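Open the model in your viewer and keep the selection panel at hand.

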2 protein chains.
Amino acid sequence: MNLTVAEENYIKSIYKLQDGNTVVSTNAIAYELATKPASVTDMAKKLKEKKLIDYEKYQGISLTPEGRKIALQIVRRHRLWECFLVDKLSFSWNEVHEIAEELEHVRSEKLITRLSNFLGNPTTDPHGDPIPDAMGRISKSQPLVSLDKATARRLEVAGVSDQSSSLLEFLNAKGIRLGTQLDIIERYEFDNSVEVKIRNQPAFTLSEQVSKNIMVKSL
Amino acid sequence: MNLTVAEENYIKSIYKLQDGNTVVSTNAIAYELATKPASVTDMAKKLKEKKLIDYEKYQGISLTPEGRKIALQIVRRHRLWECFLVDKLSFSWNEVHEIAEELEHVRSEKLITRLSNFLGNPTTDPHGDPIPDAMGRISKSQPLVSLDKATARRLEVAGVSDQSSSLLEFLNAKGIRLGTQLDIIERYEFDNSVEVKIRNQPAFTLSEQVSKNIMVKSL
DNA sequence: AATATTATTTAGACAAATCTAAATAAAATA
DNA sequence: TATTTTATTTAGATTTGTCTAAATAATATT
């Protein structure tokens, strides 16, 4: 199966968004890839043709076993390169994502096998996320943590522990809701506040009080 | 200057073919990139627009100083990755070209700077070819050697030391002439013969007697 | 249930990179 | 020099991945 970079990116996004057995919406993929829903529909037809996704008009998208296998290969490549950048080239964990995003598309079984070996066959990447093995086996991802304790850089809001309407109102005003993706820009130790950013919007700061109550999972 | 992978590959080919100050022909580039002359003409217009090449209809192509600068960056990336693959991942020199061909298009100044450092800032790649430094400075390439002593994998025929017509006739029959590119497939120690391949043609073997008289330079 | 809103798809267009076939220019040869 | 051959360019088409605007389906709201 020879995939283009664009196709690989779609597969990866669908994998990322398809938590458990749910189906992924056109809109969600478009948002994830910073593209338009119409483009997602177009690509969905191609990936269905290649039997990498299940897709019926208006019914959402999900990976086939074959699609999932490929997604895991891409995730494996991405995370191994992140390890390389951090462990061997002394990058810090927040700089590696963009570069790994490119390196992950270099396809060579042998390269990845040897890279993994060279790195000591790590099982988690610098963000703590598990690295699938060569057979695509991956350990279950971490349980939810509150935003103030999260270690990953890119997070998805998975819940709010304080249901007070004032918090929800505040989050709503900031554009934070279930499924919102956040990037951690900086943590300030003096007050445990955290600066976060939602894709394409200016960064803003959340107090410890708030971040304690936002439950997230890393992406 | 943000270039596509295709544009980078054209720049690299032109650099490779443009030895000294000569101008490069449409056909030569098409052959090098295994594409069609018409496609080269199309791309030439784009690269001229971007001021990376000098190009006038029917007059051949040459890099501008800016184009050359970019070419050297690509060559640098390619050769550093080859070092990495051989030195760190234990690839053999004849396996690395294709993979480096992909890795070279990952653009990140910082990545390349750190990779170079990690490798001990090597000045030649595993084939003995010089690696341009961060400023694009490159040491003069090696003088011609006879094919039986060449260490590089991809060679270009630069001359024949024995001018006997029987040799020239033989070479002609094999499709070897000035400027022909050869890939070394294998060397056989028992008789010092060498198996070579011309792009897209089946491999064939040259005796020591013949290879001694073919002067080559590495590409 | 009727209507409004949101999500998704279709239709038609565009840019990049390529191709083939035909036209034209340059070079080689008779 | 005239002619043939080779190299190069143009014209028009194709594929991939994308877009906008309009149409349609699904969902939410009154």
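**Stop 1: DNA strand C**

Begin with the protein surface near DNA strand C. Helix 2 (26-32) and helix 3 (37-49) of chain A, with helix 1 (5-17) and helix 3 (37-49) of chain B, each give it at least two residues. Helices here are DSSP runs of H or I with at least four residues, strands are E runs of at least two, and both are numbered from the N terminus.

A word on conventions: residues are numbered from 1 along each chain as its sequence is written, and chains are lettered from A and ligands numbered from 1 in the order in which they are written. The model is predicted, with pLDDT of at least 70 needed for local features and 80 or more for side-chain atom pairs, while totals for chains, interfaces and linings use all residues, and side-chain values use heavy atoms, leaving out hydrogens and water.

Select the 20 residues around DNA strand C; A:Tyr55, A:Lys57, B:Thr4, B:Thr35 and B:Ser39 come nearest. A residue is near a strand if one of its heavy atoms lies within 4 Å of it. By class, this surface has eight nonpolar, seven polar and five charged residues. Ala, Val, Leu, Ile, Met, Phe, Trp, Tyr, Cys and Pro count as nonpolar, Asp, Glu, Lys and Arg as charged, and the others, Gly among them, as polar.

Which part of DNA strand C lies within 4 Å of the protein: sugar and phosphate, or bases? Of those atoms, 75% belong to sugar or phosphate and the rest to bases.

Now show the side chains at the phosphates:

- A:Tyr55 has a side-chain N or O atom 2.6 Å from a phosphate oxygen of DNA strand C.
- A:Lys45 places a polar side-chain atom 2.7 Å from a phosphate oxygen of DNA strand C.
- B:Lys46 places a polar side-chain atom 3.4 Å from a phosphate oxygen of DNA strand C.

**Stop 2: DNA strand D**

Switch to DNA strand D. It is surrounded by 20 residues, and A:Thr4, A:Thr35, A:Ser39, B:Lys45 and B:Tyr55 are the closest. Sugar and phosphate make up 78% of the atoms of DNA strand D that come within 4 Å of the protein.

Colour the nearby surface by element. Helix 1 and helix 3 of chain A, and helix 2 (26-32) and helix 3 of chain B, each supply at least two residues. The surface near DNA strand D divides into eight nonpolar, seven polar and five charged residues.

An N or O atom in the side chain of A:Thr4 is 2.4 Å from a phosphate oxygen of DNA strand D. For A:Tyr10 it is 3.4 Å.

**Stop 3: where chain A meets chain B**

Hide the DNA and select the protein interface. Here 20 residues of chain A are in contact (heavy atoms within 4.5 Å) with 20 residues of chain B. The area buried between the two chains is about 1700 Å², and carbon and sulfur atoms give 71% of it. Buried area is the accessible area (1.4 Å probe) that two parts lose on being put together, summed over both. Pick out A:Leu89, A:Arg114 and A:Phe118: they supply 29% of the area that chain A buries against chain B, more than any other three residues.

How many salt bridges run between chain A and chain B? The count is zero. A salt bridge is a side-chain nitrogen of Lys or Arg within 4 Å of a carboxyl oxygen of Asp or Glu.

On the side of chain A that touches chain B, helix 4, helix 5 and helix 6 of chain A each give two or more residues. Helix 6 of chain A gives the most, with five. This side holds eleven nonpolar, three polar and six charged residues.

**Stop 4: salt bridges within the chains**

Over all chains, the count comes to 28 salt bridges. Select A:Glu8 and A:Arg77, whose side chains meet in one (2.9 Å, N to O). A:Glu8 is in helix 1 (residues 5-17) and A:Arg77 in helix 4 (residues 65-88) of chain A, 69 residues apart. A:Glu8 is buried at 2% relative accessible area, and A:Arg77 is buried at 6%. Buried means under 20% relative accessible area, exposed over 50%, and partly exposed in between (1.4 Å probe, protein chains only).

Next, take A:Glu104 and A:Lys12, joined by a salt bridge at 2.8 Å, N to O. Both residues are buried.

In chain B, select B:Glu101 and B:Lys12, a salt bridge at 3.2 Å, N to O. B:Glu101 lies in helix 5 (residues 96-103) and B:Lys12 in helix 1 of chain B, so the pair ties together parts 89 residues apart in sequence. B:Glu101 is partly exposed at 27% relative accessibility, whereas B:Lys12 is buried at 9%.

Finish on A:Glu98, A:Arg153, A:Arg154 and A:Asp183, which are linked in a network of salt bridges.

Terms used. Polar contact = N/O pair within 3.5 Å; in protein donor to acceptor, adjacent residues only side chain to side chain.
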